[in-house]
Amino acid sequence: MKLRTLILGLCSASALAFAANAESITIATVNKGDMVRMQKLTDDFTAKNPDIQLQWVTLEENVLRERVTTDIATKGGQYDVVTIGNYEVPIWAKQGWLLSLDKLGADYDVDDILPAIRGGLSLDGKLYAAPFYGESAMIMYRTDLMEKAGLKMPEKPTWEFIGDAARKMTDRANGINGICLRGKAGWGENMAFLTAMDNSFGGRWFDEKWQPQFDQPEWKNTLDTYVKLMKDAGPEGASSNGFNENLTLFQQGKCGMWIDATVAASFVSDPKNSTVADKVGFAIFPDTGNGNHGNWLWSWNLAVPASSQKADAAQKFVSWATSKGYTDLVASKEGWTNAPPGTRTSLYNNEEYKKAAAFAGPTLAAMNAADITKPSVKPVPYTGGQFVAIPEFQGLGTTVGQLFSAALAGQSSVDDALAAAQTAATREMTRAKYIK
Amino acid sequence: MATRQTGTLARFMMAPSVILLLIWMVVPLAMTLWFSFQNYNLLDPTQTGFAGLFNYRFFYSDPAFFQSIWNTLVIVVGVLLITVIGGIALALLIDQPIFGQGLVRILVISPFFVMPPVAALVWKNMIMHPQYGVFADIAKFFGLQPIDWFGQHPLLSIVIIVAWQWLPFATLILLTALQSLDGEQKEAAEMDGAGFVSRFIHLTLPHMARAITVVILIQTIFLLSVYAEILVTTNGGPGYASTNLPFLIYRTALLGYDVGGASAGGIIAVVLANIVALFLMRAVGKNLDK
């Protein structure tokens, strides 16, 4: 008995040793549908690269961000490929934490990547991360309710129109709220929306000298409009609604309009989960007549940390997962609607995709309208869109998000929330030595 | 009889585990203390060097600081009140011989095995949600306006969720105490003409005193660090209404990646915990010495 155990042990040990001959790379990724699909399809990659083995670490968004940031900042070298947002890419590239991707292969066609996305992932003309999927924000609305209210969505709606339409569509007795917007506190929750909204109101987070701008009329106007609109036409308990909560509300037919990430378009028009799938229309993010549509742009990207020991194999994988070939692979196995959206021009020129996905056109329009190098109509010292691309934004954005969700819940006035936000932001920016 | 020799031997034999435990405690504490005096931000490698008391001053001057300490204490006291009183009541109830006693006990205890984030999510989306929560349905049935729990009463909601999780623990400990109460004493008291109330005050309660102390002490340790429930439900908001000290530290450490500031916050939390522990030991701890 003992001998057998010993032999078995030896066998498995040698099997492990043999496996270790092939190079194994560790990939940290987020537990979203598109990434989970990528894991299922990796047989295609390993068949083409038998000498590379893939180890997956799949985590929830916030946990992933914590783990990857800590690992990369302390040069831990645990991961060879990391999945990060376009918020992190320019910051980390500047710190020298990411390798520039110059070995993606001859047929990768970098110029095919949507210019708005590519701009956010490059520093000094070098690409530091390859986009896996991208999104902007737009209005999703119920065509039937819009008609009932006697209105027609203009091609480029203004906030004035949205406010008017939301109030007219509201029918509380039948559980219909004119508009659903994010209210849950967090830099990636309500502040993503409110920052984009403030951009479209002509506002900005900081002036050229990094002075916070919450004491300026644009922010006051933004927050006032938002709080009043949600009070008149928003759902109960809006201050704890994030993306997922609003998605559920919209799918259940409780929202007339919803302004959020374009990726939601495929969920609300999926008849399996949405009761209103055949009554959804799309329009571009509203502005105030200044041509600024919020500049919301988000992408999940694959990057190679500078601390990786297996950079060449890692780049091979990044190239495979973000290539045109991968899009075709997904399309052939799971259908065109499931192709990762928002990264390549060629996808939006593809007739089959356009036919299968009604939201393709509006999504592309929204993405092309976003310019993260120039988020506000006023001059700003930062890049970004629905975020400000500085390391301090996660903490600061969450603090300000808490204050604004209090204003939404009616626990503090708009003026008090803005004053508190101004204090918190000044304090944080002075500490980080932006304000001299 | 322990001679001097065996005493030395015993100490020698105990040494490895004691030393290990000491290292386990001292090393992280010392590192936290060290970091709290350093300029150390993971996202900004240019910030280095000795910071003096700056981290402490910065953490202490956070606009949410005093409210977070107050909130921490409210959570601890609120949950303790609910669980101890509710625990005694439940323990008295399920101590009665009833049909299906075993099953009832298991059901009462089960919330304790639910992970905090899961429990918080269920409470948030299925029970307290003003649109499709059970509470909203009940309110609508009576023609009332549903309450927006997390918007209007964030701290109370957190206290309710946490109390729900800890009630089984209190019930369990108090039930075992009740079961060890001698039946003959109860009968004797009854024969002497003591009613339910006086039996409870003069016999049952003194008998449970130690168990209650244990419940209070153990729960306090865990309640000082309530965090997952807040992260999942309110994210510390609205405003700072449900930010407690652990959540404030989380915000500094994992959103700001400010290791120095978060360490200073950690040390402040340790000091606070010790103050609370001191008062508790004074107030109820002497029960344990009897």
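Mentor: In chain A, 5 strands make an open sheet, ordered β2-β1-β3-β11-β6, with mixed pairing. Strands pair if DSSP finds at least two bridges between them. Strands (E, at least two residues) and helices (H or I, at least four) are DSSP runs, numbered from the N terminus.

Trainee: Which strands stand at the edges?
Mentor: β2 (52–59) and β6 (130–135) of chain A. Each has a single partner strand, so one side of each has no neighbour in the sheet. The twist averages 20° from one strand to the next. Axes are lines fitted to C-alpha atoms, for helices over the stretch in contact, and angles run from 0 to 180 degrees between N-to-C directions.

Trainee: Before we go on, what are the ground rules?
Mentor: This is a predicted model: local features need pLDDT of at least 70, side-chain atom pairs count only at pLDDT 80 or more, and totals for chains, interfaces and linings use all residues. Residues are numbered from 1 along each chain as its sequence is written, while chains are lettered from A and ligands numbered from 1 in the order written.

Trainee: How do β1 and β3 of chain A run?
Mentor: Parallel, joined by 2 bridges. A:A28 has A:V82 in β3(A) as its bridge partner.

Trainee: Which strands does helix α13 of chain A lie across?
Mentor: β1, β2, β3, β6 and β11 (298–303) of chain A. Helix α13 (residues 311–321) runs at about 45° to β1(A).

Trainee: Switching to chain B. How many helices and strands?
Mentor: 13 helices and 0 strands. The radius of gyration, over C-alpha atoms, is 24 Å.

Trainee: What share of chain B is buried?
Mentor: 34% of its 290 residues. Buried means 20 or more other C-beta atoms within 10 Å of the residue's own, with C-beta atoms placed from the backbone.

Trainee: And what does B:V162 touch?
Mentor: B:I75, B:V79, B:L223, B:V226 and B:E229, leaving out residues up to four places away in sequence. Contact means C-beta atoms, placed from the backbone, within 7 Å.

Trainee: How many residues of each chain meet at the interface?
Mentor: 31 of chain A contact 28 of chain B. On the chain A side, α18(A) gives the largest share, 7 residues.

Key. The radius of gyration is taken over C-alpha atoms; the globule rule is 2.2 Å times the number of residues to the power 0.38. A residue is buried if 20 or more other C-beta atoms lie within 10 Å of its own, exposed if 12 or fewer, and partly exposed in between; C-beta atoms are placed from the backbone. Two residues are in contact if their C-beta atoms, placed from the backbone, lie within 7 Å.
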